[in-house]
Amino acid sequence: MPLVHIVIALAVLQFFWFGMQVGRARVRFGVPAPAISGNPDFERVFRVQANTLELLVLFLPGIWMFGTYLSPRWAAGLGIVYLIGRFLYARGYARAANQRGLGYGLSALPALVLVVGGLVGAVRALSLF
Amino acid sequence: MPLVHIVIALAVLQFFWFGMQVGRARVRFGVPAPAISGNPDFERVFRVQANTLELLVLFLPGIWMFGTYLSPRWAAGLGIVYLIGRFLYARGYARAANQRGLGYGLSALPALVLVVGGLVGAVRALSLF
Amino acid sequence: MPLVHIVIALAVLQFFWFGMQVGRARVRFGVPAPAISGNPDFERVFRVQANTLELLVLFLPGIWMFGTYLSPRWAAGLGIVYLIGRFLYARGYARAANQRGLGYGLSALPALVLVVGGLVGAVRALSLF
């Protein structure tokens, strides 16, 4: 499982980096804390972080369960697709709201596959014992 | 623990479904991304997802610790109460802000019991070794 | 690892307490649900909770991996620094936005150390097997 743990660490560090972009966007677009709205350019950078948080709640238990019940290598591989998808999502969404589709799909889909695969693995393990 | 893992997978899939309702509410109530305010009907659906995220951060480590230290069966049972409570919360809150109380209690309470139970179990394990 | 699990339980209970402060601030500053903006005093209390959620996504996998690969005692110690840092962050930010710096650093830094330490531990474990 170290491979899975490495991808988990990279995913939360990527998320931290998205948070730093929100801090920079606060200065750049003039939206001081605690406000989270008022400028659409800021709001898109803010939504990158918020949406990634929403997806990490699926991704983290999913990659752990998929790695435990099915395959650590496939879990890590799907995790790398997720990392690339989130990078494309962040880059696209920072430009325009309608450029977030591809990156969203490339990160939400592997997260869902990890959760559903982990669920299937857990159901199978339950019926074995 | 497979029983606990199944409930974990169901809880994050329920959360993903709440996220899809936010996407649908964006279209239905005319609140395009990245905005997250402007229409109270949209905002209530949005808050269902956000509040569930806040509760999952207690629920996920809680059910895992409760299952590890006390009982996987009781952990899974409390998890199913949480799932039902969150369903009632989402249905009630989508209708009106004052209809979210019952579902909130039925999901926040089991989440708290799982965390406090897990804490008690960990303290007990510490004093054993 | 029970020591690490105790700190995990305390961290999510602290987060739940921040959530209760948001509920109280809703009443005190007249911002009924589902609104999350409109009064800067409310917004700062709200941001304490939201920012803590963002940091917990690093802290929780980080403390677990650091405890698993490096040292449960050091993981728990860094976790206690995080708990104190978050307390100072919440107290400072509730007063004024410019009083959140010290507490932010004292909680974000240990969270980052936990994740990076866990990543180093996982990479080392990978090359051993």
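Modeller: Happy to! The largest cavity has a volume of about 300 Å³. Please keep in mind that this is a predicted model. In the largest cavity, 22 residues make up the lining, and those closest to the centre are Phe46(A), Ala50(A), Ala50(B), Phe46(C) and Ala50(C). The elements that give two or more residues to this lining are α2 (40–69) of chain A, α2 (40–69) of chain B and α2 (40–69) of chain C. Sorted by class, the lining of the largest cavity comprises 14 nonpolar, two polar and six charged residues.

Counting those of 30 Å³ or more, the structure holds two cavities. The second largest cavity has about 50 Å³ of space. Its lining is made of Ile36(A), Ser37(A), Ile36(B), Ser37(B), Ile36(C) and Ser37(C). That gives three nonpolar and three polar residues, with no charged residues.

In chain B, the peptide bond from Ala33(B) to Pro34(B) is cis, with omega near 10°, and Pro34(B) sits in the loop between α1 (2–28) and α2 of chain B. In chain C, Ala33(C) and Pro34(C) are likewise joined by a cis peptide bond, with omega about 10°, and Pro34(C) belongs to the loop between α1 (2–28) and α2 of chain C. As background, most peptide bonds are trans.

Now back to helix α2 of chain A, where Met65(A) is found. Met65(A) counts as buried because its relative accessible area is 2%, under the 20% cut-off. Setting aside neighbours within four places in sequence, the contacts of Met65(A) in chain A are Leu70(A), Gly118(A), Leu119(A) and Ala122(A), and those in chain B are His5(B), Ile8(B) and Ala9(B). Met65(A) and Val115(A) are 50 residues apart in sequence, yet their C-alpha atoms are 7.3 Å apart in space.

Helix α3 of chain A comes next, covering residues 72–95. Its 24 residues reach 35 Å from the first C-alpha to the last, close to the 34 Å expected at 1.5 Å a residue. At the start of α3(A), a side-chain oxygen of Ser71(A) comes to within 3.3 Å of the backbone nitrogen of Arg73(A). The buried residues of α3(A) include Leu78(A), Tyr82(A), Gly85(A), Arg86(A), Tyr89(A) and Tyr93(A). Those buried residues pack against α1 (2–28), α2 and α4 (101–128) of chain A. For reading such a list, recall that an α-helix has 3.6 residues a turn, so residues three or four places apart point the same way.

For a view from α4, go to chain C and find Ser107(C), which is in helix α4 (residues 101–128). Ser107(C) counts as buried because its relative accessibility is 0%. A polar atom of the Ser107(C) side chain lies 2.7 Å from the backbone oxygen of Gly103(C). Beyond the neighbours within four places in sequence, Ser107(C) is in contact with Leu55(C), Tyr82(C), Gly85(C) and Arg86(C).

How values were computed:
Residues numbered from 1 in each chain as written. Chains lettered and ligands numbered in written order. Predicted model: local features only at pLDDT ≥ 70, side-chain atom pairs only at ≥ 80, totals over all residues. Heavy atoms only, no water. Helix = DSSP H or I, 4+ residues; strand = E, 2+ residues; numbered from the N terminus. Buried < 20%, exposed > 50% of the residue type's maximum accessible area, 1.4 Å probe, protein only. Polar contact = N/O pair within 3.5 Å; in protein donor to acceptor, adjacent residues only side chain to side chain. Contact = heavy atoms within 4.5 Å. 1 Å grid on protein atoms, 1.4 Å probe; cavity = no way out; pocket = protein on both sides within 12 Å on 5 of 7 lines; lining within 4 Å. Points joined across faces, edges and corners; volume = space filled by probe spheres on them. Nonpolar A, V, L, I, M, F, W, Y, C, P; charged D, E, K, R; others polar. Expected span 1.5 Å × (residues − 1).
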